[in-house]
Amino acid sequence: MTTRIADRRPPALLIALNGFLVVWLVIAAFPFLWTFWGSFKVEGDFFSKADWMNAITGPLTTAETGSSFTATGYVGAWVQEEFWRAALNSAIVVVSVVCISLTFGTLGGYALARSSYRYAFWLLLVALVFRAMPPVTLVSGYLLPFFEWNLWGHLPTAIIVLVAINQPFTLWMLTSFFRNIPKDLDESAMVDGCSRFQAFRYVIIPVMWPGVITTGLFSFLLAYNDFAVTAMLLSKENQTMIPKIASFLGTTQTKGNVMFAVSSVVSVTAPLFVLVMFFQRQIVSGLTAGAVKG
Amino acid sequence: MANIELRNLSKRWGSFTGVQTLDLTISDGEFLVLLGPSGCGKTTTMRMIAGLEDATDGDILIGGRRVNDLEPKDRDIAMVFQSYGLYPTMSVYENIRFPLKVRRIPEAEHHDRVMRAAETVELTEFLQRKPAALSGGQRQRVALARAIVRKPKVFLMDEPLSNLDAKLRVSTRAQIKNLHHELKTTTIYVTHDQIEAMTLADRVVVMRRGEVQQVGTPLEIYDRPANTFVASFIGSPAMNLIEGVVTAGIFEAPHVRIPGLQAPDGPVTLGFRAEDAALADGGEITAPIYSMELLGDSSMATVQVGGTLVAIKAPKAFAGSIGQPIAAHVPARICHLFDARSGARLSA
């Protein structure tokens with residue numbers, strides 16, 4: 001019989017440990033659960049001035065709609081306010097940004113990782129500086145030329161700017177992944193009959209998948225969550241989801257529909273869960289790397 | 001099948017010289033070993049032949065054709081790397097097949113050739129496994145199979161045994177030797193292990209700091225080392241080297257007096273092999289035992305002479321204790337003389 005160390009701990013400690021985990025989990029998940037629950041209520045309940053418990057029990061929701069849950073927030077946002085259009089725009093932007101970033105990132109990262117010249121180091125250092133800048137600093141500089149050249153407001157413009165902001169990071173990340181792949185692999189492929197590009201394509205990339213997926217996911221998140229660039233560079237009809245949600249919340253000039261924003265927030269979060277769960281194995285092995293040793 | 005010619009081959013990185021004007025002809029079907037300590041330029045030489053490193057100066061000819069400007073893939077070579085360089089995402093079968101696939105060899109031939117290569121190195125049971133699920137020795141055999149599957153003009157092997165444990169090294173060494181006997185492909189083999197060099201090579205090239213020290217058959221190199229570096233690198237144990245002075249044909253150093261040498265008067269370095277000497281009363285060397293090592297088939301007695309340790313082979317039954325004075329018979333005919341300053345071999 002083997003006893004695990006965990007089993008030998010005193011019960012009081014076990015309870016404390018697990019209790020802490022549960023408390024932490026509830027605190028961490030609470031904002032999302034609260035929003036998710038509240039998104040099926042009416043504004044009067046979710047933002048009740050009388051009693052915060054109304055957001056949970058929902059007396060006004062029952063009074064207004066006849067049932068304790070209502071989908072009016074979702075219908076209003078997706079149908080009436082055409083949130084689906086923003087979702088489509090987001091999809092276009094995100095897919096383009098991920099594809100372009102990964103194409104340049106893998107090619108450039110591979111070249112930098114295998115380069116023996118010193119400029120590779122400086123290039124990466126400059127990339128890091130650009131990565132460290134807040135995106136807004138770049139956008140303010142872009143605004144004038146984009147207006148002048150009539151580029152403002154279009155999706156491709158936002159895509160290019162997002163790629164530019166994202167590329168230093170993808171380069172960094174992919175370069176370090178490529179550096180973890182032994183040079184012998186390229187060399188034996190080249191002796192076996194590959195050109196440099198074939199070695200990259202047939203031998204290195206298959207080994208790199210976890211790294212590519214992890215980097216792709218981070219690019220995805222950057223584009224998906226971006227507010228600064230998309231809010232300032234896209235016209236109203238080309239808006240992506242995040243600026244659209246912001247517009248639901250309203251500004252000092254306009255009155256927003258807060259419940260639309262709440263339901264949209266839930267809609268925006270859902271795909272992220274699916275994505276992370278779907279790719280979790282690759283992400284973990286990508287983040288820990290070292291899985292590439294032959 | 002092809003011979004290889006290296007003409008004036010050099011490799012420099014800035015002011016550092018990796019390989020210095022190397023001239024070498026390797027004949028068709030020869031097994032040539034590049035031997036030397038790490039940093040001696042042996043791997044660089046091989047990598048230049050493979051095309052993985054550009055030569056700074058000089059020409060490389062394979063089968064009479066200058067290949068300096070050809071990509072590695074166009075040189076018709078196969079290489080076995082120290083770290084195997086197997087493709088981790090492919091099965092053993094796909095690994096061996098890879099060279100055929102990228103070189104567009106008709107698909108109908110693939111299976112037969114992969115199976116034949118796998119049989120040669122006894123890998124047929126493991127074809128569906130990934131490299132990660134293989135032991136070091138098996139991985140090395142996959143690398144070998146991948147090299148032989150295509151029948152290239154030249155095999156290049158870069159310390160292929162150094163990641164294996166001692167026992168496996170011996171058996172894989174025998175396998176490589178046998179493989180070369182069967183395929184008769186020109187082979188260049190890089191190692192820092194002189195035993196591998198002695199057992200495998202048709203000819204050995206001993207290198208040091210980018211320069212060739214001696215080229216010859218293993219026996220030549222063992223029997224007539226060109227200088228003190230080669231003498232101290234080859235053999236196990238390496239040759240004993242004693243610094244002393246010759247006066248009228250008599251070599252003298254502390255505890256040592258060897259008459260009958262044919263050498264001009266002056267300082268020299270005298271060398272002899274432990275296995276050529278024997279314990280005998282009234283011998284040329286008389287000194288107390290420094291240490292005793294039992295080797296199994298014999299014993300090794302070490303004495304201190306001047307500042308250096310000198311090993312002398314003794315019978316297995318010889319039981320000397322440390323500090324006990326012994327005498328060894330070192331006749332002039334087993335001695336090698338080297339220039340005291342340059343280390344170069346003197347006379348015969």
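Helix 9 of chain A has a kink of about 40° at A:Asn166, shortly before the proline A:Pro168. The bend at a residue is the angle between axes fitted to the seven residues ending there and the seven starting there. This is a predicted model, in which local features need pLDDT of at least 70, side-chain atom pairs count only at pLDDT 80 or more, and totals for chains, interfaces and linings use all residues. Residues are numbered from 1 along each chain as its sequence is written, while chains are lettered from A and ligands numbered from 1 in the order in which they are written.

**Chain A: helices and overall shape**

- Chain A has 14 helices and 0 strands; helices (H or I, at least four residues) and strands (E, at least two) are DSSP runs, numbered from the N terminus.
- Helix 9 covers residues 155-179, which makes 25 residues.
- From its first C-alpha to its last, helix 9 of chain A reaches 35 Å, close to the 36 Å expected at 1.5 Å a residue; the expected span is 1.5 Å times one less than the number of residues.
- Chain A has a radius of gyration of 24 Å, whereas a compact globule of 294 residues would have one near 19 Å. The radius is taken over C-alpha atoms, and the globule rule is 2.2 Å times the number of residues to the power 0.38.
- The C-alpha trace of chain A spans about 75 × 75 × 30 Å along its principal axes.
- Of the 294 residues of chain A, 33% count as buried. A residue is buried if 20 or more other C-beta atoms lie within 10 Å of its own, exposed if 12 or fewer, and partly exposed in between, with C-beta atoms placed from the backbone.
- Among contacts in chain A with a separation of 6 or more, 70% come from residues 24 or more positions apart. Two residues are in contact if their C-beta atoms, placed from the backbone, lie within 7 Å.

**A look at A:Thr62**

- You can find A:Thr62 in helix 4 (residues 59-65) of chain A.
- A:Thr62 is partly exposed because 16 other C-beta atoms lie within 10 Å.
- Leaving aside neighbours within four places in sequence, A:Thr62 is in contact with A:Ser67 and A:Ser68.
- A:Val42 is 20 residues from A:Thr62 in sequence, and their C-alpha atoms are 9.2 Å apart in space.

**Where the chains meet**

- 21 residues of chain B are in contact with 18 residues of chain A.
- On the side of chain B that touches chain A, strand 6 (77-80) and helix 2 (92-102) are the elements that give two or more residues.
- That side of chain B divides into 15 nonpolar, 3 polar and 3 charged residues. Here Ala, Val, Leu, Ile, Met, Phe, Trp, Tyr, Cys and Pro count as nonpolar, Asp, Glu, Lys and Arg as charged, and the others, Gly among them, as polar.

**Strands of chain B**

- Chain B has an open sheet of 4 strands in the order 2-1-4-5, with antiparallel pairing; two strands pair if DSSP finds at least two bridges between them.
- The edge strands are strand 2 (16-26) and strand 5 (65-66) of chain B, and each pairs on one side only.
- Strand 1 (residues 4-13) and strand 4 (residues 57-62) of chain B pair in the antiparallel sense over 5 bridges, and B:Arg7 stands opposite B:Asp59 in strand 4.
- Strand 3 (residues 31-35) and strand 9 (residues 203-208) of chain B run parallel and are joined by 4 bridges, with B:Val204 in strand 9 as the bridge partner of B:Val33.
- Strand 9 also pairs with strand 10 (residues 211-216) of chain B, in the antiparallel sense over 5 bridges.
- The hairpin of strand 9 and strand 10 of chain B has 2 residues between the strands, and B:Arg209 takes a positive phi near 50°.
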